[in-house]
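Colleague: I have the sequence and the coordinates open side by side. Could you walk me through them, one question at a time?

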Amino acid sequence: MEEMEEELKCPVCGSFYREPIILPCSHNICQACARNILVQTPESESPQSRRASGSGVSDYDYLDLDKMSLYSEADSGYGSYGGFASAPTTPCQKSPNGVRVFPPAMPPPPTHLSPALAPVPRNSCITCPQCHRSLILDDRGLRGFPKNRVLEGVIDRYQQSKAAALKCQLCEKAPKEATVMCEQCDVFYCDPCRLRCHPPRGPLAKHRLVPPAQGRVSRRLSPRKVSTCTDHELENHSMYCVQCKMPVCYQCLEEGKHSSHEVKALGAMWKLHKSQLSQALNGLSDRAKEAKEFLVQLRNMVQQIQENSVEFEACLVAQCDALIDALNRRKAQLLARVNKEHEHKLKVVRDQISHCTVKLRQTTGLMEYCLEVIKENDPSGFLQISDALIRRVHLTEDQWGKGTLTPRMTTDFDLSLDNSPLLQSIHQLDFVQMKASSPVPATPILQLEECCTHNNSATLSWKQPPLSAVPAEGYILELDDGNGGQFREVYVGKETMCTVDGLHFNSTYNARVKAFNKTGVSQYSKTLVLQTSEVDIKKLLAVAWFAFDPGSAHSDIIFSNDNLTVTCSSYDDRVVLGKTGFSKGVHYWELTVDRYDNHPDPAFGVAHMDVMKDVMLGKDDKAWAITEGGITKGATIGVLLDLNRKTLTFFINDEQQGPIAFENVEGLFFPAVSLNRNVQVTLHTGLPVPDFYSSRASIA
């Protein structure tokens with residue numbers, strides 16, 4: 001249970017959560033702490049002031065500080081994210097995620113209101129202390145966030161299990177045993193603190209003092225608060241919206257907020273999510289069991305390494321004593337080598353023990369917390385946190401993946417000593433000389449029938465000669481630059497097949513491979529000439545077929561239709577790239593919007609491979625994208641990348657969006673999209689370039 005304690009503490013105050021609320025990012029925070037970290041944005045940047053100034057910007061542009069509109073007359077709706085559209089002249093600060101916020105200027109709450117109930121000033125902004133995402137509060141303020149009743153119940157049970165003897169809550173140093181509890185104050189007192197802090201006079205005289213044990217029982221038996229709707233505080237949750245992944249009340253359904261969404265019974269979804277979390281915990285439990293066994297194995301390895309070290313040293317000393325006169329100086333050197341190997345092995349194993357112990361403690365803490373959450377009988381509260389917990393459990397299980405539970409070091413000392421040389425050769429004695437020399441591996445053979453090219457990718461396959469008796473530990477594949485230049489390594493490993501992406505279209509590449517082992521490197525294989533996809537010389541246009549790439553996409557992206565259709569499981573923007581990269585030629589592809597709910601602001605364009613995957617496309621300097629311009633459900637967005645002219649142009653429903661969106665576009669670019677759970681798009685490739693642009697290219 002103690003390993004679960006970190007899950008129950010607020011990241012702001014460091015104490016157990018008190019009245020925790022759930023932020024949109026699924027993290028928790030005390031309600032009082034949330035008020036303490038509120039900041040005010042300037043009036044000029046608030047949605048109300050923008051509407052008052054007649055800017056005509058949609059309310060949806062202010063759903064989140066991260067999602068500011070990129071539209072301006074200067075760039076015709078295209079651009080890379082660089083912050084706000086117009087920089088303020090007033091000095092400002094930055095929140096942890098880079099969003100500009102101004103120092104809080106909040107008046108103290110009225111004395112008759114508690115801090116949690118005091119009204120929140122207009123234009124208040126809160127930043128999650130864990131993931132640093134920021135958002136502007138609406139008119140409901142902090143009351144718009146659901147309360148985490150499940151977390152409160154887990155904390156109550158945890159504190160009750162740890163409180164073997166009830167202690168005074170007001171003693172400054174060593175807490176004394178409590179003698180009474182005030183039911184109104186909900187505080188345990190020892191006799192001195194009761195006389196000092198709770199005298200039986202004035203308004204306190206009406207408070208009821210009970211024995212500590214009775215107070216604990218009354219706390220435990222106090223009725224659990226029922227979760228109510230954040231939009232309709234007098235209504236209890238009765239249904240669950242599958243698309244929004246949140247409990248709703250019947251009044252929300254009557255108002256039509258979820259009319260097009262799939263809505264299911266709250267109890268049924270509660271049981272379903274409990275079952276999913278339990279199944280996820282089963283897999284994680286197996287990983288934890290394997291980790292415990294692995295730790296035992298590592299600790300046994302420490303003992304075995306030490307025993308082998310002692311044995312090896314004794315053998316070495318016995319051999320050196322036979323040659324005492326000539327080997328005194330050499331003996332010291334050899335012992336130093338052994339000790340160094342000994343320390344290295346111990347360091348590697350101990351480091352792995354430490355790393356695995358920390359991960360196991362975190363895994364066990366998460367498991368205990370999830371088991372306590374499963375015990376909750378509040379369906380609404382459970383469903384508010386179940387998705388986040390299921391993702392955390394799967395992510396933690398993936399961290400115990402292949403290779404994590406494999407020792408990084410062997411217990412054997414791969415050293416041997418040969419004392420057969422004559423005395424005059426003793427000064428040349430070394431461990432390396434004692435190993436039997438082995439030949440280098442044979443030259444690998446390229447399998448021409450399995451080597452091919454597709455678009456701007458090349459796949460090569462090779463094998464060892466049939467009668468080769470020397471095993472190869474790995475292979476090195478080399479390609480030139482496509483223009484007859486120097487060879488460069490593109491793959492080093494044990495596999496005998498490799499696909500190289502991101503090559504130039506209509507280019508000729510030379511490929512060769514060699515094998516290696518501990519002794520050395522083999523000769524190069526015969527050189528293979530590869531030709532990537534051709535282009536239309538008249539139009540300088542290359543036609544490429546490709547799909548979205550699950551390997552480089554954010555983990556929240558959901559693929560279907562042979563990786564041609566994508567959506568997202570998160571409300572936040574996530575980036576997915578195409579599988580094919582372009583560095584020259586003219587390329588055109590289209591994307592159709594299959595679903596478009598609640599103005600989600602998807603972005604379409606191109607990006608480098610190292611673009612940020614957890615923010616809107618174009619927010620960093622690694623991507624170029626369009627985010628506005630009549631994008632609705634059923635719209636078709638065309639992207640024209642002309643690397644001959646170094647330009648990027650966009651089309652919506654076959655109409656060009658302004659002039660050229662971006663110029664001086666150079667490098668290797670991948671088709672890119674950013675979207676959230678309210679959007680679904682489908683990719684169409686192998687398309688001809690629009691006729692008017694083709695004519696223009698042929699004339700040029």
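Colleague: Let's start with strand 26 and strand 32: over how many bridges do they pair?

Modeller: Happy to, and please keep in mind that this is a predicted model. Strand 26 covers residues 603-607 and runs antiparallel to strand 32. Glycine 605, for instance, has alanine 672 of strand 32 as its bridge partner. The number of bridges between strand 26 and strand 32 is 5.

Colleague: Which residue of strand 32 is the bridge partner of arginine 574?

Modeller: Here we turn to strand 24, residues 574-577, which runs antiparallel to strand 32. The two are joined by 4 bridges. For arginine 574, the partner in strand 32 is leucine 675.

Colleague: What salt bridge does arginine 574 form, and how far apart are the closest N and O atoms?

Modeller: Arginine 574 counts as buried because its relative accessibility is 8%, under the 20% cut-off. Its salt-bridge partner is aspartate 572. The closest N and O atoms of the pair are 3.9 Å apart.

Colleague: Let me stay with charged pairs. Where does the salt bridge between aspartate 610 and lysine 622 lie?

Modeller: The side chains of aspartate 610 and lysine 622 meet at 3.6 Å, N to O. They are 12 residues apart in sequence, so the pair ties together parts of the chain at that separation. Lysine 622 counts as partly exposed because its relative accessibility is 27%. As for the place, both residues lie in the loop between strand 26 and strand 27.

Colleague: Which residues do salt bridges with shared partners join into one network?

Modeller: The structure holds 18 salt bridges. One of them is the pair of arginine 574 and aspartate 572 described above. Salt bridges that share partners build a network, and its members are Arg133, Asp556, Asp572 and Arg574.

Colleague: On to the aromatics: is the pair of phenylalanine 546 and phenylalanine 582 stacked or edge-to-face?

Modeller: A search of the whole structure finds 8 aromatic pairs. In this one the ring centres are 5.9 Å apart and the planes stand at 70°; angles over 60 degrees count as edge-to-face. The pair links distant parts of the chain, 36 residues apart, with phenylalanine 546 in the loop between strand 21 and strand 22 and phenylalanine 582 in the loop between strand 24 and strand 25. The geometry is therefore edge-to-face.

Colleague: And tryptophan 624 with phenylalanine 669: at what angle are their planes?

Modeller: Tryptophan 624 lies in strand 27 and phenylalanine 669 in the loop between strand 31 and strand 32, so the pair ties together parts 45 residues apart in sequence. Phenylalanine 669 is buried, with a relative accessible area of 0%. The ring centres are 5.5 Å apart, the pair is edge-to-face, and the planes are at 80°.

Colleague: Which ring does the charged end of arginine 677 sit over?

Modeller: The model has a charge over a ring at lysine 345, which lies over the face of phenylalanine 413 at 5.5 Å from the ring centre. For arginine 677, the distance from the ring centre is 4.7 Å. The ring is that of tyrosine 571.

Colleague: Last one: how many disulfides does the count come to?

Modeller: Take cysteine 452, which is partly exposed, with a relative accessible area of 43%. The closest cysteine sulfur, in cysteine 451, is 7.6 Å away, which is too far for a bond. The count of disulfides comes to 0.

Note on methods:
Residues are numbered from 1 along each chain as its sequence is written. Side-chain values use heavy atoms; hydrogens and water are left out. Two strands pair if DSSP finds at least two bridges between them. Rings of Phe, Tyr and Trp (its six-membered ring) pair if their centres lie within 6.5 Å; planes under 30 degrees apart count as stacked, over 60 as edge-to-face and the rest as tilted. Buried means under 20% relative accessible area, exposed over 50%, partly exposed in between (1.4 Å probe, protein chains only). A charge sits over a ring if NZ of Lys or CZ of Arg is within 6 Å of the ring centre and within 35 degrees of the ring normal. A salt bridge is a side-chain nitrogen of Lys or Arg within 4 Å of a carboxyl oxygen of Asp or Glu. A disulfide is a pair of cysteine sulfur atoms within 2.5 Å.
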